[in-house]
Amino acid sequence: MKKYVNVDIELVKSKFRPIEKKAHKGIQGHALIIGGSYGKIGSVSLSSKACLKSGAGLVTAYIPKCGYDIIQVLNPEVMVITDECHDYITSVYHNLSIQSIGIGMGMGVHKETQQAFLQFLKMNDLPMVIDADGLNILSENKSWLENLASKAVLTPHRKELERLIGNWSTEEEMIEKVKSFSNDYDIVIVVKGAPTMIVYKTMVYINSTGNQALATAGSGDVLTGIITGLLAQGYEEVDASILGVYLHGLTADLAVPETGCNSFTASDIIHYLGKAFLTLEK
Ligand SMILES: NC(=O)C1=CN([C@@H]2O[C@H](COP(=O)(O)OP(=O)(O)OC[C@H]3O[C@@H](n4cnc5c(N)ncnc54)[C@H](O)[C@@H]3O)[C@@H](O)[C@H]2O)[C@@H](O)CC1
Ligand SMILES: Nc1ncnc2c1ncn2[C@@H]1O[C@H](COP(=O)(O)OP(=O)(O)O)[C@@H](O)[C@H]1O
Ligand SMILES: [Mg+2]
């Protein structure tokens, strides 16, 4: 058996399902994006927009009150529920019928947010992506990992990964540690970087798209939105991660001849998503 699987166009095409002619927004899935805090509402704006632009039928953002006007104005297609608290999240109760959740972007690690996150983990076993401060809270409270839903997708960059699993001396050692981590908790790990890899138990998928233009604020927040949007449409967790990481990277490959690396922003990832999806339909 090959050691690592290369995530190329053929693999991604084999997993991609074009939207059906008779689809409606109810079939395309409802995703919930939870995150944000005072000064970091942009992360949720990027994530929820990317989620919609990946094909989710409906997207709701759960944010602290300070972000209400911001999200409504920036993303009129996104619905909004606000926490009791103005500046940060203190609970994540809702009565929506949803198919997937993305949580953690810009959320902060306030004590009350940490408790809300723990309650959230105990009450949810839907397909979900955990990013940024969701990962940082888990790193501070490792016993909470036991509460993760089966096949939850964790999307750490290298620093967040180190906080979760400790450091490593070689790339091989890191991959072995991530495989054990995935196996111990039955979770999917998207190790972000150049290249990004997707690890589930013994399987390691190495992405083939993307470039240094992606080294820009909010780039990971957009990736979480994309994967959450694919999960809402019923893609299985590993497939959603493979597809999401590939398309995210492809936006930068398609954009750079036009934008250059320096001027590429996370909003450009969202802008080029349509062109990236089109390459799968050829
Ligand atoms: N507009 C917004 O509202 C934004 C909000 N953001 C939020 O801000 C919070 C903090 O996120 P950060 O990621 O900056 O904070 P972290 O403290 O988790 O990570 C930053 C550190 O990690 C290092 N790092 C990042 N990627 C690395 C890699 N591939 N290899 C090695 N080291 C790496 C950086 O050099 C830096 O030292 C998160 O909640 C995030 O979602 C950011 O996404 C930026 C945009
Ligand atoms: N040099 C690079 N080459 C390819 N991809 C990169 C590079 N730098 C960053 N990325 C990608 O950009 C994203 C950065 O995510 P993250 O660090 O979480 O950003 P943020 O928290 O600001 O949203 C990841 O998907 C990562 O793989
Ligand atoms: Mg991030």
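How far is an oxygen atom of ligand 2 from an N or O atom in the side chain of Thr 196? In this predicted model, the separation is 3.0 Å, which falls under the heading of a polar contact (a pair of N or O atoms within 3.5 Å). An oxygen atom of ligand 2 also lies 3.0 Å from an N or O atom in the side chain of Ser 219, and an oxygen atom of the ligand is 3.2 Å from a polar backbone atom of Leu 214. The protein covers 77% of the 580 Å² of accessible area that ligand 2 has on its own, areas being computed by the Shrake-Rupley method with a 1.4 Å probe.

Around ligand 2 there are 16 residues, each with a heavy atom within 4 Å, and this shell divides into 5 nonpolar, 9 polar and 2 charged residues, with Gly counted among the polar ones. Helix 8, residues 219–232, gives the most to the shell, with 4 residues.

The UniProt record, in an unreviewed entry, places the feature "binding site" at Lys 192, Gly 193, Ala 194, Pro 195, Thr 196 and Gly 220, and such annotations may be inferred rather than shown by experiment. These positions span 29 residues in sequence, yet no two of their C-alpha atoms are more than 13.6 Å apart, so they gather at one spot. One of them, Gly 193, is found in the loop between strand 8 (188–191) and strand 9 (197–200).

Residues are numbered from 1 along each chain as its sequence is written, and ligands are numbered from 1 in the order in which they are written. Local features need pLDDT of at least 70, side-chain atom pairs count only at pLDDT 80 or more, and hydrogens and water are left out of side-chain values.

Terms used:
Polar contact = N/O pair within 3.5 Å; in protein donor to acceptor, adjacent residues only side chain to side chain. Helix = DSSP H or I, 4+ residues; strand = E, 2+ residues; numbered from the N terminus.
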